[in-house]
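Dear colleague,

Here is the structure I promised to hand over, with its sequence. My notes on its nonpolar cores and aromatic pairs follow below.

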Amino acid sequence: MFCTQCGNEIGDSARFCSACGAPVSRDDADNGAALSASAEAGVAVQPAAASAESSVQAAQPAVDPEPVTFAAAMDTAKQKSKRRIPMVVLVALALALATGVAYAAYRVYTDIYLPSQQAQVEQQEPVAEEPELETNPEYEAAMQAYEGILDDYRGALSAENIAQYPDSFSVPEEVRSQYPCVSGMHEWSHYVQENTSYAFVDLNGDSIPELLLSDGGNSVFDIWSFDGTNPVVVAEGWDRNTYALCEGGIVFNHGSGGAYAGGNSYSVFTGANLKDSDSYDPNRPYADLTSNWKEVEGISWDGTAESDLVGTHVMPDGTTETLYGEDIWAKSDQLQQDYPEATDVDWIPLSS
């Protein structure tokens, strides 16, 4: 039989194992006999003690592994980092390559493909010709006529004439006849070329501008219009009858009939009856003022002295009110504020 403690073969009648000294009981003898029989049969049989020890080990709970130290964790991280470095390099190289390819494709598209496409389109599509601007024959005729009027003023108001004829009354008729468009009522010495200017302003909205002549600033002494065939005078100023252009195309007129008689009116030019001329001079035809102007608002006064002045205020609706003394001047000042002079007129020097 065999010892149940160490597996040494012992005699069947032995009471102690000759190898380990373990006592042999009757049960051990039976187990030893069983071990011997198994050994003879070729079957490996574990001793009872070994089997019991295995059962005890299986029943015991698993023991937690020893805690990992910081140094050990750092070593592990370094090993992993070393393994990751090649992968980071590969990713960076891949991104750089992709960026370079994308930029090259963009430059090919913008520098080669698009210009070639544009060139093909330009070759295929014929260039559209710009349409010719429509010309207004009446406009062209008016501007040509106005240029003739301006030439007359340039000649009449030349430095030579001003020096030779200091006032309008000293200008002989043969000289006046050389400049038929220039008013005989002008004080020529006041309107030298250096001070005179002109502007083209469409006062009545018919797309044909009026010609305004000024002695400087915004003071107007002549306004010409065009009746479709000829230029006509629609306003003529002199020392006691002055004009000025206000905002909105309104024309201011101040007339003086004496020391205590006069008036201010604000009117719009309608040009409704330009061909109705009351001119005595075919070279300077006058359009009827009544039918070509419409008063918007105005005030007039009359009297023999400052103390007995009586004024009439014509309101926009056509009704009137009577004013006296200081109220006349207060209303006159108010109208000047209501109808301010235009500041956006493109005045051109006559001498240019």
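Throughout, buried means under 20% relative accessible area, exposed means over 50%, and partly exposed lies in between (1.4 Å probe, protein chains only). Please bear in mind that this is a predicted model, in which local features need pLDDT of at least 70 and side-chain atom pairs count only at pLDDT 80 or more, while totals for chains, interfaces and linings use all residues. Residues are numbered from 1 along each chain as its sequence is written, and side-chain values use heavy atoms, with hydrogens and water left out.

A nonpolar core is taken as a set of buried Ala, Val, Leu, Ile, Met, Phe, Trp, Tyr and Cys residues joined through side-chain atoms within 4.5 Å. The largest has 23 residues, of which Y146, I149, Y153, L211, L213 and W224 touch the most other members. The largest share, six residues, belongs to α4. A second, separate core of 19 residues includes A199, V220, W293 and V345.

Rings of Phe, Tyr and Trp (its six-membered ring) pair if their centres lie within 6.5 Å, with planes under 30 degrees apart counted as stacked, over 60 as edge-to-face and the rest as tilted; this rule gives seven aromatic pairs. Y146 and F200 are stacked, because their ring centres are 6.1 Å apart and their planes at 25 degrees. Y146 is buried at 0% relative accessibility, whereas F200, at 32%, is partly exposed.

Best regards

Notes
Helix = DSSP H or I, 4+ residues; strand = E, 2+ residues; numbered from the N terminus.
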